[in-house]
Amino acid sequence: MSETVEIRNLTVADYMDLKESMVSAYADMAGSYWREPTIQRLIKLFPEGQIAVAVNGKVVGCALSIIVDYSKFGDNHTYEQITGYYTFSTHTPKGDTLYGIEVFVHPDFRGKRLARRLYDARKNLCEQLNLEGIVAGGRIPNYEKYADHLSPREYIEKVQDREIYDPTLTFQFANDFTVKKILKNYLPNDEASKGFATLLQWFNIYYEKDQDTIRYNKSTVRIGLVQWQMRDYGNLDGFLQQVEYFIDAVSDYGSDFVVFPELFNSPLMKEFNQMDPAGAIRGVAKYTEQLREKFQEHAVAYNVNIISGSMPIVIDEVLYNISYLCRRDGTYDQYIKIHPTPGEVSAWGIKGGSEIKVFDTDCGKVGIQICYDVEFPEPSRILAEQGMQILFVPFMTDTQHAYNRVRFCAQARAVENECYVAIAGCVGNLPKVNNMDLQYAQSCVFTPSDFDFPVTGIKAESTPNTEMVVIADVDLVLLKELHAFGSVQTKKDIRKDLYEVNYKRVK
């Protein structure tokens, strides 16, 4: 006869089956089972938190939980304290933590992964209730065999390293729980654990602290890339009309970001063509503040965050290559290119910036790097450690070789930093502008490389060397899942005991 397995909420009618299973599960702790009035009280207080697993209709295990305001207890508590001395008066629906007070499976039904089903159901409940995570005190029942020569900490480390098997702790590690600390006298009558317990924690990666506030915070973000055509726009007004056209077009698709390329305002250099290249680039820099103000206006008017490509700017007589993040709430931030190319240095005298920082937006944390910057992995790693979810890379390249350097490195940054990378470039040519002869580009949105993402690691890409826009949706929740459950986890597995990246924060 085949078995049927059901995960459901516990009922009072299940008590006799529950008692039988618990007595068998805790044979080494005589008399350790929940009395019926206690179970009735739990079910009345928090029915969805009491989860049963039934085989052929009979309850053979359960996971019991309450919700607590964890700050009232902290990490130094006993089982009696956290349960209100078994009254469960500590349960509060407005708490922030799901506290596991019991999990067991009848010994005759072990080896069927029933406990894993209970844990998965408890995790789903934690996510549905938008709680920070799960905390529980865990027994270490095999410790009595090693207590004469191993401290509890040494024992736990050996269990984690799979040198020792513990029926409870080994299972907890396999279910993504971490040990916060060792508790003394958590369950004084637990002789097998010698009175010790592990304080275990599981983090809810979907937790949103501000979920109940009126706040725009999306999980799916739409990105619009402008593959900009270099050509003569006549004058500043003609240039601004084309800028607004693309912002209008991309916002019509409901985009959250519009991204322009590096130095896409180079057509304005025609006005200064009689000067040498260094003079011409400084001449066009006089328009940068005006362009930034226009971007701010358009961001609000078209309800879209704008990555303004990049433009030259003179600050204290020094020439830089700057990009602006103009948010749709009217605020803005700026990023200065850190690594000018040899050509930028020799032809124009551009200097590099020194600030590496992530920007907060209503669609998550974003970073900006300009063209050559993305070919250096260290700044991207620093941004990733600051929580970057999307990296925007305005670029300008003249040959396909140069373009491929940007493309290949940008895609590598997406894989190694487990983030999205969006690159936007210029196409065409400017025959009447010195030092800006040819442009080659294929704008793209790159993803990490794992099962939830495209097998190529490419979410979207443009037709090469054609003026157009690319619209792509990226899912920030998939990044959270990748960080926690990915096939490989490059951010988590970096060997900081061997090497690290230090940001010196030069002023």
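How many residues of domain 1 are in contact with how many residues of domain 2? Five residues of domain 1 contact five of domain 2, contact meaning heavy atoms within 4.5 Å.

This is a predicted model, in which local features need pLDDT of at least 70 and side-chain atom pairs count only at pLDDT 80 or more, while totals for chains, interfaces and linings use all residues. Residues are numbered from 1 along each chain as its sequence is written, and side-chain values use heavy atoms, with hydrogens and water left out.

**View 1. Overall form of the protein.** The protein contains 14 helices and 22 strands, taken as DSSP runs (helices H or I, at least four residues; strands E, at least two) numbered from the N terminus. Its radius of gyration is 29 Å, well over the 23 Å given by the globule rule for 507 residues, so the protein is more spread out than a compact globule. The radius is taken over C-alpha atoms, and the rule is 2.2 Å times the number of residues to the power 0.38. The C-alpha trace spans about 95 × 50 × 45 Å along its principal axes.

**View 2. Domain 1 (5–211) and domain 2 (218–485).** These bounds come from an automatic or database domain assignment. The domain centres, taken over C-alpha atoms, are 50 Å apart.

**View 3. The salt bridge between the domains.** One salt bridge is counted between domain 1 and domain 2, the term requiring a side-chain nitrogen of Lys or Arg within 4 Å of a carboxyl oxygen of Asp or Glu. Glu-208 forms a salt bridge with Lys-480, their closest N and O atoms lying 3.2 Å apart.
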